[in-house]
Amino acid sequence: MSGVDFIFSDKSSYTIYLKGKQECKLETEELTMPVLHAFLKKYNINLYEELENIKIKAINENQKPYTESLKHYIDFVDAEKHCLMDGKWYKFNQDYVAYLEKEVNGILNEYDPKDDLIIDEYNEYLARTGQDSKKMYKEKYFNMMQEQKGYRLLDREIEKFKNKYSVEKMDLYKDGTLFFVKIGTPQKLSYVINQSLAALEILKNEKEFMKVDGEIINPKRFCLWLVLDRTRRLSLLPNGQCKISEIESLIFHMKLVEWKKEVIRAGLEPYIKINYVVK
């Protein structure tokens with residue numbers, strides 16, 4: 001398998017197993033290609049013959065466990081422009097690629113260096129407080145730092161929706177803007193798009209459920225706060241905004257364009273904050 005990336009949440013653990021053979025299973029805290037290869041090798045599984053039968057059970061601290069096929073967790077793009085996303089196949093041409101780049105670059109965004117995640121400061125905080133990086137993961141620390149700057153911290157406030165679903169409504173809130181934070185590579189950034197769209201659906205249909213400090217909110221902006229872990233910073237466009245299309249993932253571009261459309265349909269302004277993981 002080549003050109004493959006997993007999409008996953010930092011807060012989940014997983015069990016990979018072969019349907020019909022419960023003894024063929026592997027539990028893991030990370031969903032990565034080496035883990036998948038180890039599972040296949042351990043049980044001598046032919047991926048091409050058993051692809052439809054390989055399942056992954058995800059356990060998230062904020063949700064009920066759920067199971068999807070392996071294909072659901074894999075994003076794949078090949079040289080012939082075939083694309084596997086969310087378990088479905090797509091094919092695109094160069095005109096479509098150009099359209100995606102134009103659309104993502106048209107999303108209002110800003111970069112403020114004061115909000116960069118400084119790893120040395122993060123590590124010093126862990127050493128000073130005696131916490132480990134699993135419980136005080138980078139995202140949690142980043143959100144805590146924003147709380148000190150006047151943002152309302154909501155990333156740990158989990159509520160029941162329709163007495164059935166556990167929902168994390170947003171990570172941060174300030175001045176009529178809902179913020180959804182994700183740190184890392186394009187694959188992890190794609191996850192936050194899915195998270196924010198789930199919250200958007202609730203906001204559209206159950207306005208009374210979207211409360212901050214007991215008061216129903218009427219947000220104006222819907223923001224993805226992307227903290228990029230990359231060596232080169234994004235170029236600036238003539239208008240001074242970051243060139244989002246330089247995040248080299250067509251799947252991420254596809255998800256981002258769909259996100260933009262859904263936010264506008266909901267009567268909100270799509271908005272992106274860019275920051276970086278720095279030393």
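The questions and answers below walk through a predicted model of one protein.

Reader: Happy to dig in! How many helices and strands are there in the protein?

Author: Welcome! The model is predicted, and 48% of its 279 residues are buried. Its secondary structure comes to seven helices and 19 strands.

Reader: What share of the contacts with a separation of 6 or more is between residues 24 or more positions apart?
Author: The accessible surface of the protein is about 14900 Å², and carbon and sulfur atoms hold 48% of that area. Turning to contacts with a sequence separation of 6 or more, the share from residues 24 or more positions apart is 61%.

Reader: Let's look at helix α1. Why do its buried residues lie on the same side?
Author: Helix α1 spans residues 33-42, and its buried residues are Met33, Val35, Leu36, Phe39 and Leu40. They sit on the same side of α1 because the arc they cover around the axis is only 160°. As a general point, an α-helix has 3.6 residues a turn, so residues three or four places apart point the same way. The value that settles the question is the arc of 160°.

Reader: And which exposed residues does the face of α1 turned away from the buried side carry?
Author: The buried side holds Val35 and Phe39, among others. Turned away from that side is a face with the exposed residues Pro34, Lys41 and Lys42.

Reader: Is Thr28 buried or exposed?
Author: Thr28 is also found in strand β3. Outside the four places on either side in sequence, Thr28 touches Ser13, Tyr14 and Val35. Its relative accessibility is 14%, and the cut-off is under 20%, so Thr28 counts as buried.

Reader: What is the phi of Asn44 near?
Author: Asn44 counts as exposed because its relative accessibility is 72%. Most residues other than glycine have a negative phi. Asn44 has a positive phi, near 50°.

Reader: Where does Asp175, another residue with a positive phi, lie?
Author: Asp175 is not a glycine, yet its phi is positive at about 50°. With a relative accessible area of 70%, Asp175 is exposed. Its place is the loop between β14 and β15.

Reader: Now the hairpins: which residue in the turn between β6 and β7 has a positive phi?
Author: Strands β6 (residues 74-77) and β7 (residues 82-85) run antiparallel and are joined by two bridges. Phe76 stands opposite Leu84 in β7. Four residues lie between the two strands of this hairpin, and the one in the turn with a positive phi, about 70°, is Lys81.

Reader: What is the bridge partner of His82 in β8?
Author: β7 and β8 (residues 88-91) run antiparallel, with four bridges joining them. They form a hairpin with two residues between them, and Asp86 in the turn has a positive phi of about 55°. In β8, His82 has as its bridge partner Lys91.

Reader: On to the rings. What is the angle between the planes of Phe179 and Trp225?
Author: The structure holds ten aromatic pairs. Phe179 and Trp225 form a tilted one, 5.6 Å centre to centre, and the angle between their planes is 50°.

Reader: How many residues apart in sequence are the parts that this pair of Phe179 and Trp225 ties together?
Author: Both Phe179 and Trp225 are buried. Ring pairs also link them with Phe142 and Tyr151 into a cluster. Phe179 lies in strand β15 (residues 177-184) and Trp225 in strand β18 (residues 221-228), so the parts tied together are 46 residues apart in sequence.

Reader: One last thing: over which ring does the charged end of Arg221 sit?
Author: There is a charge over a ring at Tyr151, where Lys174 lies over the face at 4.6 Å from the ring centre. The charged end of Arg221 is 3.9 Å from the centre of the ring it sits over, that of Tyr271.

Conventions
Residues numbered from 1 in each chain as written. Predicted model: local features only at pLDDT ≥ 70, side-chain atom pairs only at ≥ 80, totals over all residues. Heavy atoms only, no water. Buried < 20%, exposed > 50% of the residue type's maximum accessible area, 1.4 Å probe, protein only. Arc of directions from axis to C-beta. Phe/Tyr/Trp six-rings, centres within 6.5 Å; stacked < 30°, edge-to-face > 60°. Lys NZ or Arg CZ within 6 Å of the ring centre and 35° of its normal. Contact = heavy atoms within 4.5 Å. Areas by Shrake-Rupley, 256 points an atom, 1.4 Å probe, with all protein chains shown as cover. Pairing = 2+ DSSP bridges.
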